[in-house]
Amino acid sequence: MSDWRGKKSFDDACQWLSDPVKLGGELVRGVGAELERLGLDLSTVRSLAWSNAYIHLPDAFASLGLPDTPTAFCPVPQAEGTLLARATSIASLAAIGLDAVSYGSENNGELFVNLVLMPGEGLYADKSRRGMKGHTDAVSFPVRGRVDEARQELAPSPDFVCLSGVRNPDGVHTTVMPLKDVLAKLESGQIAELKKPQFIIRSQGTFREGMRSILGEEHVVDGGEFLFEVEGQTWVRYSHSSAGVEEEDGPAANAVAAFESACKQSAIEVIVAPGDVLLVNNRLGLHGRTLVAGEPGGQSRWLLRAYGLVTEGLVASQRYKDSPYKLFP
Ligand SMILES: [Fe+2]
C-alpha cells in the first residue's frame, strides 16, 4: 500500500478511487509480490476466503489525519485515513478475486459508505444504534449464478462485505455466524426446509427507497430459498428483519426458528479496530453487530463498508453504463 501511495499527491491518489477495478488490478500485483516473499500466493488466499466465514486483517492501514466522525452514510470525508482505508479495502477484495461494487438503489450507488451513529429519529437513526441480528447483505437479490425469476436484470448480492475500521472507541463487536457452525446445529429435515422456495424476502431497509425510484416498487421475493447448493458448498441468504415465512406454524416456521437460534449460538465476536479490515463472506456466513452506545459525531464509532463480487458472469443489463462498479438496480 505504501508503494502505491508513494509520492502521489492526495488528490491524485483520491482520483484512483473512482476506478476501483483499475486500482484493484494495480494493487493486487503488489499484494501478490508481497505474498510470494512470504512463501504464499494469491490462490492460497482465495481458497482461504472461500473456506471461512471471514478474514480479519488487523492493522492493515494507518488511520491518519481524520476529521470528526460523520453522521450520515455519505459522503465519506476526504482524509488520508479514509483514502488508505478505501484503497486497502479495494486491494483486499482484489486479492481474493473480487471487484469492489455498489448498487444504484442503495445510497445512490456510493462505493463506500460510513457506518456511524446517526442523529434524530426514524429508521436509519434507530438502526444505527441497535444491535443487529444475523443477516446477509442485499438479501433480496439472487446469489451469484442464479437469477431472480421475476426480474432477470437484478445483479447478484455481494460475495463479500468489506468493513474497515476508522474509529471504534468502545470496542463494539461485529458478529459473524459461520454457516457451517449454524448448520451443524440443525436437523437434516430443517436444512431441507430452508432449501425450499417458500420464503418471503423483503429488500434490506437501506435499499427500499432506491428500489422504489428505480424499479417503481420495492423488490420482494415471494417464494425464495434461504439455502443453496453451489459449487459443492452450501450458501445462505437470510435476514432476521427482512425475511420470513407466511405460515406461523408448520415445518418451515420451525426450521426458521431453529435456524435463528442456531445463529445466535454460533456468533463469533470480532472487534474491527482502527486500521483493521474485516472481509465477511456473504455466502458462507451471516453477520451482525452488538449495540452501539454514545452520541453521533465527534470520536464515535466509524467503519467504512464496501461490497465485493466475482463479476465475471455479469451481463451488461446488470450494470450501469456510466460506472465501472455500480450494479443494477
Ligand atoms: Fe450488513
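In this predicted model, three strands form an open sheet in the order β8-β7-β11, with antiparallel pairing. Strands β8 (220-224) and β11 (243-244) stand at the edges with a single partner strand each, so one side of each is left without a neighbour in the sheet. Strand β7 (residues 199-202) is joined to β11 by two bridges in the antiparallel sense, and I200 stands opposite G244 in β11. Two strands are taken to pair if DSSP finds at least two bridges between them. Strands (E, at least two residues) and helices (H or I, at least four) are DSSP runs, numbered from the N terminus. Strands of a sheet pair through backbone hydrogen bonds, either parallel or antiparallel.

Two conventions apply to what follows. Residues are numbered from 1 along each chain as its sequence is written, and side-chain values use heavy atoms, with hydrogens and water left out. Because the model is predicted, local features need pLDDT of at least 70 and side-chain atom pairs count only at pLDDT 80 or more, whereas totals for chains, interfaces and linings use all residues.

The next topic is strand β14 and its partners. Strand β4 (residues 132-135) and strand β14 (residues 285-289) are antiparallel and joined by two bridges; M132 stands opposite R289 in β14. Strand β6 (residues 173-178) also pairs with β14 in the antiparallel sense, over five bridges, and here M177 stands opposite L286. Five of the five residues of β14 are buried, so the strand is largely enclosed by the rest of the structure. Buried means under 20% relative accessible area, exposed means over 50%, and partly exposed lies in between (1.4 Å probe, protein chains only). Both faces of β14 are covered, with G285, H287 and R289 buried on one side and L286 and G288 buried on the other.

The iron ion has as protein donors H135 (NE2), D137 (OD) and H287 (NE2), which lie 2.2 Å from it. Donors are N, O and S atoms within 2.8 Å of the metal (3.2 Å for Na, K and Ca), and since water is not among the atoms, sites may look incomplete. The spacing of the donor residues in sequence is H-x1-D-x149-H. Distant parts of the chain are linked in this way: H135 belongs to β4 and H287 to β14, 152 residues apart. Both histidines are buried, H135 with a relative accessible area of 10% and H287 with one of 8%.

Apart from neighbours within four places in sequence, L179 is in contact (heavy atoms within 4.5 Å) with L227, T234, W235, V236, F259, R283, L284 and G285; G285 is one of the buried residues of β14. The C-alpha atoms of L179 and N282, 103 residues apart along the chain, are separated by 10.0 Å.

Helix packing is illustrated by helix α3 (residues 20-37) and helix α4 (residues 42-49), whose axes come within 9 Å and cross at roughly 100°. That makes α3 roughly perpendicular to α4, the term for angles of 65 to 115 degrees; under 35 would be roughly parallel, over 145 roughly antiparallel and the rest oblique. The axes are lines fitted to C-alpha atoms over the stretch in contact, and angles run from 0 to 180 degrees between N-to-C directions. In this packing V28, V31, G32 and L35 of α3 meet L42, V45 and R46 of α4.

Most residues other than glycine have a negative phi, and most peptide bonds are trans. The peptide bond from C74 to P75 is cis, with omega near 0°, and P75 is in the loop between β1 and α5. V76 lies in that loop, between β1 (54-57) and α5 (80-95), and counts as buried at 11% relative accessibility. D59 is also in the loop between β1 and α5; its phi is near 50°, a positive value in a residue other than glycine, and at 66% relative accessibility D59 counts as exposed. A cis peptide bond also joins F328 and P329, with omega about 5°. E231, in the loop between β9 (227-230) and β10 (233-236), has a positive phi of about 45° although it is not a glycine, and E231 is exposed, with a relative accessible area of 62%.
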